[in-house]
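Here is a short briefing for a reader new to this structure.

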Amino acid sequence: MSVTNHGEAGAAAPRLAKPRVPERPLSLLQFMRVLRDNSLATYRHEAYSADILERRLFWKRTFFVNEPSAIKHILLDNAANYHKTEITRRLLEPGLGRGLLTSEDETWRRHRRIMAPAFDHRSIVGYAPIMTEIAERLVAEWDSRPQGTALDVAAAMMHATLHIISRTMFSSDSDDIVDIVEKGVERYQAEVRPGLADLLELPVWLSRLGSAHHPERIFTEFDRAIDRLLAARERDPASQPKDLLARLIAARDEETGGGMSAEEVRNQVVTIFMAGHETTAQALTWTWYLLSQHPAVEAKLHAELGAVLGGRTPRHEQLGQLPYTRMVIEEAMRLYPPAHTLSRTAMGEDEVLGRRIPKGAQIMIVPWLLHRNPRLWQDPERFDPERFAPDRAASRLRFAYIPFGAGPRICIGAAFAMAEAMLILTTVAQRYRLRLKPGFPVEPQGLITLRPRHGMQMIPERR
Ligand code: HEM
């Protein structure tokens with residue numbers, strides 16, 4: 001197959017970081033070990049191109065669905081038949097409680113309605129100055145460092161997005177919350193890994209047997225910080241900012257008139273803190289990595305920034321004039337989708353691609369596989385932002401690219417995340433070019449989200 005090289009003007013495309021693909025089927029023991037270490041490393045070659053694959057683990061049947069029309073059926077057309085899985089709950093609820101990510105049916109609808117206005121276009125325009133202010137703070141911090149030294153860009157991006165979520169959603173910029181969450185996320189992903197008992201949906205106590213980990217405890221400090229935030233609001237309700245927290249506290253049920261309980265508010269707050277920062281930070285981290293490997297793409301990005309912004313701080317209304325910047329981030333999320341796996345349980349029997357899906361079966365929709373499916377993407381391993389050029393994007397199948405999911409459970413923060421990623425990228429890229437530290441091992445690791453296993457040591461070079 002001949003491939004036009006859009007990005008690198010004939011230069012050989014660099015080999016991009018990816019996990020090793022198993023040559024032979026894994027034994028159960030190997031499978032469990034690899035799964036806990038990096039779920040993306042369990043996939044063999046055929047998983048990338050098959051429309052649908054079935055995996056049986058004792059009595060548990062799991063279908064990996066990797067075909068756009070079938071994904072549309074599950075996430076949109078017949079979404080009512082598919083709930084989040086028990087395993088998602090086991091991974092998320094010890095820390096997050098039952099918030100918007102894991103609730104179902106009427107509770108989910110009510111909470112989504114309450115929270116939606118905090119994510120609408122007008123609100124996001126209002127958040128933009130906070131986003132750029134925090135990006136500028138990051139640049140100023142780099143300005144004061146000795147030049148030529150490496151830093152962990154993954155950690156720097158997390159720090160920035162965490163401050164942004166804290167300020168925009170909860171009007172709180174307290175460093176103690178940011179500190180607590182930073183340490184918590186690291187430990188949570190290290191400790192909360194699925195075991196065989198979880199895959200088989202055996203009782204939770206059984207899956208915890210022999211484990212020294214108590215993920216709930218990671219959040220004790222965080223809960224105290226949220227309590228302090230709530231108590232401050234109660235003491236002085238008149239001067240409450242009109243933010244997401246105020247919305248959660250004020251929300252009343254249309255039918256009963258009752259408000260959210262303290263625990264419900266807490267669960268939503270933790271959910272937004274967690275869902276709202278790490279994924280965007282990862283999207284940016286992988287974008288910096290890809291730019292560092294593709295100088296021609298980087299040069300084109302710089303040219304766009306120069307022409308549109310000319311060194312000035314970006315404003316939200318300018319984002320529409322930065323199509324290439326958006327294309328770069330979109331292509332980065334194709335290759336490294338921060339939410340690498342979506343899973344569902346069939347509540348009733350169904351048929352997908354001619355296969356009978358029994359009630360109780362698990363469905364895995366894996367953007368990591370879908371976005372690299374050679375039947376959907378030409379030369380899928382190559383970083384080529386031109387795939388997302390408006391004329392080409394229009395002819396692409398809508399359900400072949402789902403970094404934010406799709407259907408009613410689509411990411412509530414998608415527009416927020418895109419604005420945030422673009423504002424941080426443009427602010428930083430106007431001042432710095434990031435070079436990967438020579439010899440640094442980059443390895444994508446699929447835990448709850450898609451992180452670089454060793455972080456991302458890069459050297460910021462002033463432009
Ligand atoms: C690049 C950044 C982001 C990515 C890749 C991402 C990805 C996703 C995906 C794939 C889902 C759907 C999961 C499923 O269907 O099983 C989702 C849901 C969700 N996301 Fe995001 N997200 C990002 C940023 C954000 C931000 C910034 C926020 C909040 C400020 C957020 C909050 C949520 C919430 C609350 C849900 C659950 C929505 C529901 O079920 O109604 N996300 N996200």
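This is a predicted model: local features need pLDDT of at least 70, side-chain atom pairs count only at pLDDT 80 or more; totals for chains, interfaces and linings use all residues.

Residues are numbered from 1 along each chain as its sequence is written.

**Overall build**

- The C-alpha trace spans about 65 × 55 × 45 Å along its principal axes.
- The protein contains 20 helices and 12 strands. Both are DSSP runs numbered from the N terminus: helices are H or I with at least four residues, strands are E with at least two.
- Buried residues make up 38% of the 463. A residue is buried if 20 or more other C-beta atoms lie within 10 Å of its own, exposed if 12 or fewer, and partly exposed in between, with C-beta atoms placed from the backbone.
- Of the contacts with a separation of 6 or more, 75% join residues 24 or more positions apart. A contact means that two C-beta atoms, placed from the backbone, lie within 7 Å.

**The five-stranded sheet**

- An open sheet of 5 strands has the order β1-β2-β8-β5-β3, with mixed pairing. Two strands pair if DSSP finds at least two bridges between them.
- β1 and β3 (82-84) are the edge strands; each has a single partner strand, so one side of each lacks a neighbour in the sheet.
- From one strand to the next, the twist averages 30°. Axes are lines fitted to C-alpha atoms, for helices over the stretch in contact, and angles run from 0 to 180 degrees between N-to-C directions.
- β2 pairs with β8 (residues 362-365) in the parallel sense, over 4 bridges. Here T62 stands opposite Q362 of β8.

**The three-stranded sheet**

- Another open sheet has 3 strands in the order β4-β12-β9, with antiparallel pairing.
- β4 (151-152) and β9 (432-436) stand at its edges with a single partner strand each, so one side of each has no neighbour in the sheet.
- β9 and β12 (residues 457-462) run antiparallel and are joined by 5 bridges. R433 has E461 in β12 as its bridge partner.
- The helix α15 lies across β9 and β12, at about 80° to β9.

**Two loop residues with positive phi**

- Most residues other than glycine have a negative phi.
- F58 is not a glycine, yet its phi is positive, at about 50°. F58 sits in the loop between β1 (52-57) and β2 (60-65). It is exposed, with 9 other C-beta atoms within 10 Å.
- L353 also has a positive phi, near 50°. L353 is in the loop between β6 (350-352) and β7 (355-357). It is partly exposed, with 14 other C-beta atoms within 10 Å.

**Around the ligand**

- Which residues come nearest to the ligand? They are G276, T279, G405, C411 and G413, out of 23 around it. A residue is near a molecule if its C-beta atom, placed from the backbone, lies within 6 Å of it.
- α14 (262-275), α15 (278-293) and α20 (414-429) each supply at least two residues of this shell.
- The shell holds 15 nonpolar, 6 polar and 2 charged residues. Nonpolar covers Ala, Val, Leu, Ile, Met, Phe, Trp, Tyr, Cys and Pro; charged covers Asp, Glu, Lys and Arg; the others, Gly among them, are polar.
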